[in-house]
Amino acid sequence: MSDTTPIPLQPTPIVPKPVPKPLELCVAFSLISLYGFGGVLYWSRRMMVDERKWMTAEEFNEAYALCNFLPGPNIVNFSVVFGRQVRGTLGALVALLGLLGPPFLVVTLLSLLYAHYGEIAAVQRVLAGVAAAAAGLTISATLKMAGPLLRERPGFAHVVAAAAFLTVGVLSWPLYWVLGVLIPGSIAVAWWMRQ
Amino acid sequence: MTSEIGTLLTLAGYFALLSLFAIGGANAALPEMHRLAVDVMHWMSERQFADMFAIAQVTPGPNVIVVTLIGYHVAGLAGALVATLAMCGPTCVFAFFIGRVWDRFKDAPWRMAIQAGLVPVSIGLIGASAAVVARATAQSALAVAVTAVTAVVTYNFKLNPLWIFAGAALLGLGGLI
């Protein structure tokens, strides 16, 4: 670390951030996954920024914005993006393995139990209760996500959100047809509004 | 045997394609999973779909794990592996390469337009999955009441959802749902 670099492209942090070893990465993402009950975002921020100090809060926000923008499961994308940043391809693989390995094992075991005992009346009643509560949780997550949009002046974004909701959620149209129209349309309007 | 491989290929192709359309996370893809698994392929009943959604929610880890359950139900352990890899593989490769060049485009106007255009789509899709799972789980008046109370309580208070799940499980066990 010399101070003679001609043009520093980014401000150098005063304390160098620790770079995780592959095993540490794998363990950290396993922990995020196992703690991450009902919201992996909270735990990933806590682990990455507060506990291990592998990222600053700003870096975390930027990485997370990228993962929201990419299709697919956000936290899965996050593990790949972060793992690659710190340890290249191996890092991406171990972070992904850490994140998905434990829940995969748990859920496979539960599947096995479900296949054997899923038709027992008591089990069905418990699951019906949990499923009803889980549906309520999804509704409140939706309302929280839609909050900023709902507070805005009604505009094109509201039309897009309502169209996606009605066609996919109420009319059960195939996702691909709907998104094939909505995504290009929505982006085109967003582009045009920026001009 | 051939039909088993055929099923695995269907799972793989289907979830790989779906992952690319999961704008806003795995939950955004739930309505399409429901449409395929219940309505089109008849792999499971409405109630079984609701059960899998419930199991995925009480399992720690990312929500995407519901595809592992669907895969297992359809084709056992191989199905679970294939569905999980297909749902995560293509987008992981995407994330791997985009993550590399992302900083360069941080302030590009097209990037902001894409982001601004995708946000309402993903909100609408998450809302759609809430509608689909609410319909699938609404098997009695009390189930609807549990859904409504959970929605109101978790919207207004920061509470570990495990407590609510435990309460709802007890209500269910008591034969009330």
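So, reading along chain A, the pattern goes α-α-α-α-α-α-α. That's seven helices and zero strands, where helices are DSSP runs of H or I with at least four residues, strands are E runs of at least two, and numbering starts from the N terminus. Before I go on: this is a predicted model, so local features need pLDDT of at least 70 and side-chain atom pairs count only at pLDDT 80 or more, while totals for chains, interfaces and linings use all residues. Residues are numbered from 1 along each chain as its sequence is written, and chains are lettered from A and ligands numbered from 1 in the order in which they are written.

Okay, overall shape. Chain A has a radius of gyration of 21 Å, well over the 16 Å that the globule rule gives for 195 residues, so chain A is more spread out than a compact globule. That radius is taken over C-alpha atoms, and the rule is 2.2 Å times the number of residues to the power 0.38. Along the principal axes, the C-alpha atoms of chain A fill a box of roughly 70 × 55 × 30 Å.

Now, how much of chain A is buried? It's 42% of the 195 residues. Buried means 20 or more other C-beta atoms within 10 Å of a residue's own, exposed means 12 or fewer, partly exposed is in between, and the C-beta atoms are placed from the backbone.

Let's zoom in on helix 1 of chain A, residues 22-35. Its 14 residues reach 20 Å from first C-alpha to last, close to the 20 Å expected at 1.5 Å a residue, with the expected span being 1.5 Å times one less than the number of residues. Its buried residues include Leu25(A), Phe29(A) and Ile32(A). Which helices do the buried residues of helix 1 of chain A pack against? Helix 2 (40-51) and helix 4 (74-117) of chain A, counting a contact when C-beta atoms, placed from the backbone, lie within 7 Å.

On to the two chains together. The contact takes 82 residues from chain A and 84 from chain B. On the chain A side, helix 5 gives the most, with 24 residues. That side divides into 60 nonpolar, 18 polar and four charged residues. Here Ala, Val, Leu, Ile, Met, Phe, Trp, Tyr, Cys and Pro are nonpolar, Asp, Glu, Lys and Arg are charged, and the others, Gly among them, are polar.

Then there's the largest nonpolar core, with 110 residues; Ala164(A) and Phe53(B) are among those touching the most other members. A core is a set of buried Ala, Val, Leu, Ile, Met, Phe, Trp, Tyr and Cys residues joined through C-beta atoms within 7 Å. Leaving aside neighbours within four places in sequence, Ala164(A) contacts residues including Val178(A), Leu182(A) and Val121(B).

Ser172(A) isn't a glycine, yet has a positive phi of about 55°, and sits in the loop between helix 6 and helix 7 of chain A. With 18 C-beta neighbours inside 10 Å, Ser172(A) is partly exposed. His42(B), also not a glycine, has a positive phi of about 55°. Is His42(B) buried or exposed? His42(B) is exposed, because there are 9 other C-beta atoms within 10 Å.

Definitions and conventions
Two residues are in contact if their C-beta atoms, placed from the backbone, lie within 7 Å.
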